[in-house]
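Here's a quick look at one helix and a few strands. Have the structure open while you read.

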Amino acid sequence: MPVTNPIRSIAAANPMARTLLSSSAALLLLPRRGSIYTRAFPLASSSPPSPLRLRRLRSLHGSRRWQRSRCSVGAASSSPALRNLPSWSNKRREGSEEMTVTSSVKVAGGELSVHGRTVLSGVPEVVRASSAAAAGPVDGVFLGADFAEPAARHVVSLGALSGLRFMACFRFKLWWMAQRMGEKGGDVPHETQFLLVESKAVDGCVGEDAYVVFLPLVEGAFRASLQGGGAGGDELQLCVESGDADTRAVSFDRALFVGAAESDPFAAIAGAVAAAKSCLKTFRLRSEKKLPGIVDYFGWCTWDAFYQDVTQEGVEAGLRSLTAGGAPPKFVIIDDGWQSVGTDHQNPDDTGTDAKDRQPPLARLTGIKENSKFQDGDDPAAGIKTVVRAAKEKYGLKYVYVWHAITGYWGGVRPGVAGMEGYHSNMQFPNVSPGVVENEPGMKTDVLTTQGLGLVHPRAVYRFYDELHAYLAAAGVDGVKVDVQCVLETLGAGHGGRVSLTRQFHQALDASIAKNFPENGIIACMSHHTDALYCAKQTAVVRASDDFYPRDPVSHTIHIAAVAYNSVFLGEFMLPDWDMFHSLHPAGDYHGSARAISGGPVYVSDAPGKHNFELLKKMVLPDGSVLRARLPGRPTKDCLFTDPARDGVSLLKIWNMNKFTGVLGVYNCQGAAWSSVEKKNTFHQTGSEALSCGVKGSDVHLIADAATDPEWNGDCAVYRHASGDLVLLPNGAALPISLKVLEHDILTVSPIKDLAPGFRFAPIGLVDMFNSGAAVEGLTYHRLDGIKSLSNGSPSTLPELQSLSSQAVGLVCMEVRGCGRFGAYSSVRPRKCMLASAEVEFTYDTSSGLVMLDLGTMPKERVHKIVIEL
């Protein structure tokens, strides 16, 4: 029986910088204003008109340049998915250009099909395809369209999408994406930036299920998105917009990439983004970027502890409290509240608005240095250096980050303020795109929209970033969290449009980060627009979803679902950061376990003295490091198209990888979601009873990569963190899991090694940690005949063999980081366990095969060396 949702009850010296800065400077040669559009245009010649799509750019000097709006894919790419492009040809008919594409993704006869199966029907003739086919795991086509007149915004139908399951990542706010599932084009929300469609194989026909990826791209000065529409409710539409009335276009060649791969949706997504990278050549993949050091350590952020009332004394109190409790942070983010800001003067005669409706004045940056709260009374000139020194010298932190908005502060930089004149700030009022307004109507009256923003001139923005970051770096700051990034798309008028302005700011930001923070110390926040993603060459960490809201009960299940599904897309560009959380909170375990398997940074925003150390010690080792998984956490393959927030029946399973194990998190996220009617997150009716699902070893998508045996048979040992149970799962078998709303379970999945008939083994790791398997950093197996190794060595190369008995059958050698209870599966009771060179006691459960031994302290070197004799 449905009941009310139960949640209710709770210039650089650095070469990289020089390169990035030179790219930024080159952009300044483009016109700031003027008509920019693309169209077919006859040449001044007696020959027949050329069919080439040409771009006209009116320069500052009035000269004209002509160029193709076409993208070459594959030749320069290092991605295996993009090599060995199949051939394609152009055939001229009556002055037009016809393309024959040898790809599994085809546009012909008014249909877009994949492996002969229709994905879109009724594709209009104005929609054109160009080849991006590849012989690797993904191939596809670029789609563009011709329009009657140049404009700053176009919407065109791509055809009807019907009866196919999809998952969309769309912006429900200007700043943030969330997931939406459906089966028809009309279900696709406005501002969809990523669309994954399932094309099922037809029974009795050759072929496997295919996964089709739609990536709306950036083309020239325009940024594309997808949306549903049309009278029939099945139409999928493409929207392209520049954000500047004077930046117009009439024709597009590659506004959308459509790629596909059989069997493997994650390969389809990775290949599609790699194809986009090869085409655009404006961004880098996550795997190509340097991760900042903070991702491997536990941290603390001041935001939910103090909000803007943070002080130097408060920072020290938080660090002292966590360190004393045995969960020492190794990085801190000093969030909003440290900068010098001021509000505009209010007109005392302004009585046109009732006091209750009057917005508070928007603060603007008035200087790059810290405010008085972070100036030591004994040495005011030391500034923020005082708290940085205390954090590192007194509390042992490795990294200190501080917050700033991409425009300096929420209201930008105050124009004309003394000492800031060189940044040439000018007041500008955001123009929010129709798609964003459709999903977030409140942006029309938001304080940013109504009071405007002091925008640093694009020609001065590198100087602004460099001077700010150089000041911070000189004080010992190691990086920045750069917030409010999507606001740039609303300020493109007069600057060549949203794409151009965003690119100029990000190229300047990248150059400054490369120069001033050599460990790539930056976190992107409020940045979920493709304007930035498709020009991000430096930033390697991105916040994955809207904030953790400790006082908003509707938000907690929504948060876990959003970070997991957004990571499917964002994780190709950067490492998703699943945000801070409170350890002492009714949903603390729910949030904490998700952070532990996310693969991203783990940090809390606890107020000083308000901590759950029992929870924190499931994530944090005594030295302040964390057991981080190797990839972005993402939903399992069978969860990609179910809706674990809305459908009332599905649980969410999240997978990730360690070196020798996998990890699965199972979450009940039902009962709350963003409402397309109310345009906000809301509760909805859900059952109070537990929901169930089956967990398989293969749910960890790359679990075979963790097996040491290339001929591994698929059998796994699975350890359930909540109950402490160890279960053997034969290949294809499923373990039932049942959870109520806001409940979760974490499972370590370890491939079983068959050493000899009847002798099987699988490491689990530090069983009291959420991601226990990440502790296992080294693993070798040795099958023995007497004391002679048959596989991995001999008595002369393996000192561990010297003490073996003649009855020994196998030897397992492991390197384990951390301390606490270590567990493993063994089909037989071990003969003995050795820690370093000393034999240690262990327990063995004959019913489950669980071996346990105690690693009482942190290793003197990086890892404990454990040898188990079977």
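## Helix α2

Helix α2 (residues 265-280) has 16 residues, which at 1.5 Å a residue should span 22 Å, and its end C-alpha atoms sit 23 Å apart, so the two agree. The expected span here is 1.5 Å times one less than the number of residues. Helices are DSSP runs of H or I with at least four residues, strands are runs of E with at least two, and both are numbered from the N terminus.

This is a predicted model: local features need pLDDT of at least 70 and side-chain atom pairs 80 or more, while totals for chains, interfaces and linings use all residues. Residues are numbered from 1 along each chain as its sequence is written, and side-chain values use heavy atoms, leaving out hydrogens and water.

Of the 16 residues in α2, 14 are buried (under 20% relative accessible area, 1.4 Å probe, protein chains only). At its start, a side-chain oxygen of D264 comes within 3.0 Å of the backbone nitrogen of F266. K281 follows α2, with a positive phi near 55°.

## Strand β52 and its partners

Strand β52 (residues 864-869) is mostly covered too, with five of its six residues buried. Pairing takes at least two DSSP bridges between two strands. β52 runs antiparallel to β46 (residues 810-816), joined by six bridges, and M814 faces I866. With β48 (residues 832-835), β52 pairs antiparallel over four bridges; there M834 is opposite V867.

## The five-stranded sheet

There's also an open antiparallel sheet, ordered β42-β43-β47-β51-β50.

Conventions: Buried means under 20% relative accessible area, exposed over 50%, partly exposed in between (1.4 Å probe, protein chains only). A polar contact is a pair of N or O atoms within 3.5 Å; within protein, one must be able to donate a hydrogen and the other to accept it, and residues adjacent in sequence count only if both atoms are side-chain atoms.
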